[in-house]
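Subject: Structure for you to look at, with notes

Dear colleague,

I am passing on the structure we spoke about, and my notes on it follow below. Please keep the sequence and the structure open beside this message as you read.

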Amino acid sequence: MAVQYSGVRESKEGRVNDFGGSSLQAAEKFAGKCLKRADRSFAQGLQCQQINSMACLMSLEDSVFISHSPQGCLGCTIMAVDMYRVGQAHRGIKLIKNPRIIVTNLDQKSVVFGGEQKLREAAQKAIARYNPKLIFIYASCASGIIGDDIDSIASDLGAEYPNTTFIPIHCEGFKSKVCASGFDAAFLSINKYILKKQKLPTVPNLVNLFAPTTVSFADQKEMERMLSLIGAEVNYIPFYSSLEKIKRIPQAVASTSICKVFADEFMKTLEEDYGIPYSHTVMPIGIRNTDKWYRGIAKVLGKEAEVEEIIEREHKRIEPLVAKIRARLEGKRVFICGGTGRSFAAAALIDDFGMKLVGLETPTYDDDAQVDIEYLNGIHKDFVVDIANMQPFEQVNLVKKLKPDAFIGVPDWAAKLGIPTTHVLDGKRPTMGYDGLLYLGNKIADQLSNPGFNKKLAEHVKLPYRESWYEQDPFKFIVGV
Ligand code: SF4
């Protein structure tokens, strides 16, 4: 009997999240099974999986999100809330809403005497205020350590309030250092409490398109346009969706995801439990990746011939425009930092523009990363790889040493070093598909032509590190490699 996936990414072999060194070394060690799960003797925060569990569902209609945790656990939600608000504006919504998030505020007393009563009261208040169709209950380190039984409480509450579905999500931060585990925890619960392995009649051409919070409305439209060209009706989930759309998941004829580490495990479950085939390839950023992504889903739908015609047409349309951007960017040295899906996709994108990769920071390394690194090693020869969930101290040290012309990624720290930066986790503008590539390329080139803002920022903002840190090995705190 197949072992049920626990939702913890480390439970599967070959997933590494602490390494620093050259790309050739990373590929060689991984191929020889010598890339170990290391650790850091000093670390500066870690993105917690709870935020990913919450962010991926935050825009579901008619839902309340209860975090059974101390208040601080919700600090990170600000970015997802911002994306949700901007996403509403882009979709033409006039009355912009915040997500309905409630925190049970576990404190010292709760840790000693238990916090279950607080959770019940929070749920009762959520029902009284909003009477939602769905209430998600998020575990945290504190609730997990004191052993509050969120499953039983959700079951009791479900009996008391039959019009609401209560969904506990086991995303305690301590369970995983790979923040993408949070997506898996959320999807495991959706399968268990909403879909419940019920087989439904198939809807011809219906395709599940899984998208995380960071996908812009422009990218959603581009992906939907591309899929509609091969005859698919798109069920875009869970971002900006609803209970009704979630319930349609088992009716699809195929699934695919916009991100490599989003819903990849869930799509395997959908194949096992509901017989829905899927395509898991890459994030569609850059020509090569967009082609690969498109061919992947077309193959599952049996539309290989149609997709080749479309790809040929699209290449003809955009290649002259890409050549113009290439003339502005060729030979520029780039450092890339992003989530696992975006960082590798963006690294392939810079091929389109003839840029040179000097450094890559990404939270995890696995079989998929190995394929990408081997491909990138063939083009860029050798570059620095930092496998790090956050850890800005390593990033600024590296960026100072490597002195790239441009930084593509989450830009907060590099911008303060005065380097031209382009945000690759841009939930507000296009980055994906054939049109996204043009927009992103022009954005990088514009940043290089107009670096004034970051230069001024660097003159006025001091990073919190001593000069002596920049002279040291950026990876000196990684132990047990
Ligand atoms: S769940 Fe744990 S790791 Fe996550 S924010 Fe709360 S305390 Fe931190």
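How many residues does the largest nonpolar core have, and which residues have the most contacts inside it? Please bear in mind that this is a predicted model. The largest nonpolar core has 105 residues, and Leu57, Phe210 and Tyr365 are those with the most contacts inside it. There is also a second, separate core, made up of 16 residues, among them Val64, Leu119, Ile127 and Phe166. As general background, nonpolar side chains tend to be buried together in soluble globular proteins.

Helix H14, which covers residues 340-352, packs with helix H15, residues 367-380, at an angle of about 25 degrees, and their axes are 10 Å apart. Because angles under 35 degrees count as roughly parallel, H14 is described as roughly parallel to H15. The crossing of H14 and H15 is left-handed. On the H14 side, the residues that meet H15 are Phe344, Ala347, Ala348, Ile350 and Asp351, while H15 contributes Ala369, Asp372, Ile373, Tyr375, Leu376, Ile379 and His380. Sorted by class, the contact of H14 with H15 has 9 nonpolar residues, 1 polar residue and 2 charged residues.

With a relative accessible area of 41%, Met390 is partly exposed.

Helix H16, residues 392-402, is largely enclosed by the rest of the structure, because 9 of its 11 residues are buried. The buried residues in H16 are Pro392, Phe393, Glu394, Gln395, Val396, Asn397, Leu398, Val399 and Leu402, a list in which you will see Glu394, Gln395 and Asn397. Lys403 follows H16 and has a positive phi, near 45 degrees.

Next comes Asn454, which lies in helix H19, residues 452-460. Is Asn454 buried or exposed? Asn454 is buried, because its relative accessible area is 6% and buried means under 20%. Leaving aside residues up to four places away in sequence, Asn454 touches Ala415, Gly418, Ile419, Pro420 and Thr421.

Gly72 is exposed, with a relative accessible area of 64%. From C-alpha to C-alpha, Gly72 and Arg40 are 23 Å apart in space, and they are 32 residues apart in sequence.

With best wishes

Note on methods:
Residues numbered from 1 in each chain as written. Predicted model: local features only at pLDDT ≥ 70, side-chain atom pairs only at ≥ 80, totals over all residues. Heavy atoms only, no water. Axes fitted to C-alpha atoms, helices over the stretch in contact; angles between N-to-C directions. Helix = DSSP H or I, 4+ residues; strand = E, 2+ residues; numbered from the N terminus. Parallel < 35°, antiparallel > 145°, perpendicular 65-115°, else oblique. Left-handed = near helix turned anticlockwise from the far one by under 90°. Contact = heavy atoms within 4.5 Å. Nonpolar A, V, L, I, M, F, W, Y, C, P; charged D, E, K, R; others polar. Core = buried A, V, L, I, M, F, W, Y, C linked by side-chain atoms within 4.5 Å. Buried < 20%, exposed > 50% of the residue type's maximum accessible area, 1.4 Å probe, protein only.
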